Amino acid sequence: VPVPQLVAPRAQWWRRGWLLQETAEGERLIDCRGFLSNAEEVTLFRNFGRTVATMHNITAEEATAAGLTVAHPQSWNTVHMSWIRERLAVLEGTPAFGEIVEECEQWFLDRHETLFASDVVFRLLHLDLNQRNVFATPDGLTGQPTVSAIIDWDEVCFGHSEEELMRTECASFSFDGSELDALLRRSFFEGYSSVLPLDEGYEQRRPFYYLSRLLVHCGCMIE
């Protein structure tokens, strides 16, 4: 996974939390997509899918075996529900949402029971693969666009890859019904699946993850 090297760690650089890293090669996706042909975008998103899958191929178990310190929660249910409860806490006491917080929490608990038939493999997640954090540049041999850098690893953790896939889809595709958007999404998952097969049932769990993420946006409107 292409990551610019850290030059000065956060704690040693500036008390407010800044860090210094090498310059990311290429241009941000948000800046360069408009200049690519449809065929080039297809190639880029297939490569993007392979890049994300390569990252997800790193499991918490492998990281521990390599000598890295990794927190090992009891289950993905425990981790994800802790995120949901943090998001619901912002809604407590509000006129619009306060009365349904407990009902929402129970709904997510019930869906965890029905949607997850097996244990989740904890994989390396970036959790903010928006188009400002992903850079692209022409490949030196083919000239085709390829992912050259990923920045902003503040939220990195180990968890369920589908949480990140849902977030990445929302950040990358418009879901406007156009042929191009569907083609780019298909190309992304073709690239992803060529490295790491999707777990069975992702399409059924994707709306669940999307709804849990919407709680963040509700909280932002309140704050």
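The accessible surface of this protein comes to about 12,900 Å², and 53% of that belongs to carbon and sulfur atoms. Those areas come from the Shrake-Rupley method with a 1.4 Å probe, and for residues only the protein chains shown count as cover.

A word on the source. This is a predicted model, in which local features need pLDDT of at least 70 and side-chain atom pairs count only at pLDDT 80 or more, while totals for chains, interfaces and linings use all residues. Residues are numbered from 1 along each chain as its sequence is written, and side-chain values use heavy atoms, with hydrogens and water left out.

Now the overall shape. The protein has nine helices and seven strands; these are DSSP runs, numbered from the N terminus, with helices being H or I of at least four residues and strands being E of at least two. Taken along the principal axes, the C-alpha atoms fill a box of roughly 55 × 50 × 40 Å.

How much of the protein is buried? Of its 223 residues, 39% count as buried. Buried means under 20% relative accessible area, exposed means over 50%, and partly exposed is in between, with a 1.4 Å probe and protein chains only.

As for contacts, meaning heavy atoms within 4.5 Å, take those with a separation of 6 or more: residues 24 or more positions apart account for 75% of them.

On charge, there are 18 positive and 34 negative side chains, and the centres of the two sets lie 3 Å apart. Lys and Arg count as positive, Asp and Glu as negative, and His and the chain ends are not counted. Each charge is placed at NZ of Lys, CZ of Arg, CG of Asp or CD of Glu.

Next, the aromatics. The structure holds 15 aromatic pairs. Rings of Phe, Tyr and Trp (its six-membered ring) pair if their centres lie within 6.5 Å; planes under 30 degrees apart count as stacked, over 60 as edge-to-face, and the rest as tilted. One of the pairs is Trp76 with Phe122, edge-to-face, at 6.2 Å centre to centre and 80° between the planes. Trp76 lies in helix α5 (residues 76-91) and Phe122 in the loop between α6 (101-115) and β4 (123-125), so the pair ties together parts that are 46 residues apart in sequence. Trp76 is buried at 3% relative accessibility, and Phe122 is buried at 16%. There is also one aromatic cluster formed by Phe45, Phe48, Phe173, Phe188, Phe189, Tyr192 and Tyr202.

Two backbone angles to look at. Most residues other than glycine have a negative phi. Leu127 has a positive phi, near 75°. Leu127 sits in the loop between β4 and β5 (134-138), and with a relative accessible area of 6% it is buried. Phe175 also has a positive phi, near 50°. Phe175 is in the loop between α7 (161-172) and α8 (179-195). Is Phe175 buried or partly exposed? Phe175 is partly exposed, at 41% relative accessible area.

Back to the loop between β4 and β5, where Asn133 is also found. Asn133 counts as buried at 6% relative accessibility. Not counting residues up to four places away in sequence, Asn133 touches His126, Asp128, Ala149, Ile150, Ile151 and Asp152.

Where does Arg28 lie? Arg28 is in strand β3 (residues 27-28) and is partly exposed, at 29% relative accessibility. Leaving aside neighbours within four places in sequence, Arg28 is in contact with Gln131, Arg132, Val134 and Phe135. Arg28 and Glu92 are 64 residues apart along the chain, and their C-alpha atoms are separated by 38 Å.

Last, Thr64, in helix α4 (residues 60-65). Thr64 is partly exposed, with a relative accessible area of 36%. From Thr64 to Asp181 is 38 Å, C-alpha to C-alpha, and the two are 117 residues apart in sequence.
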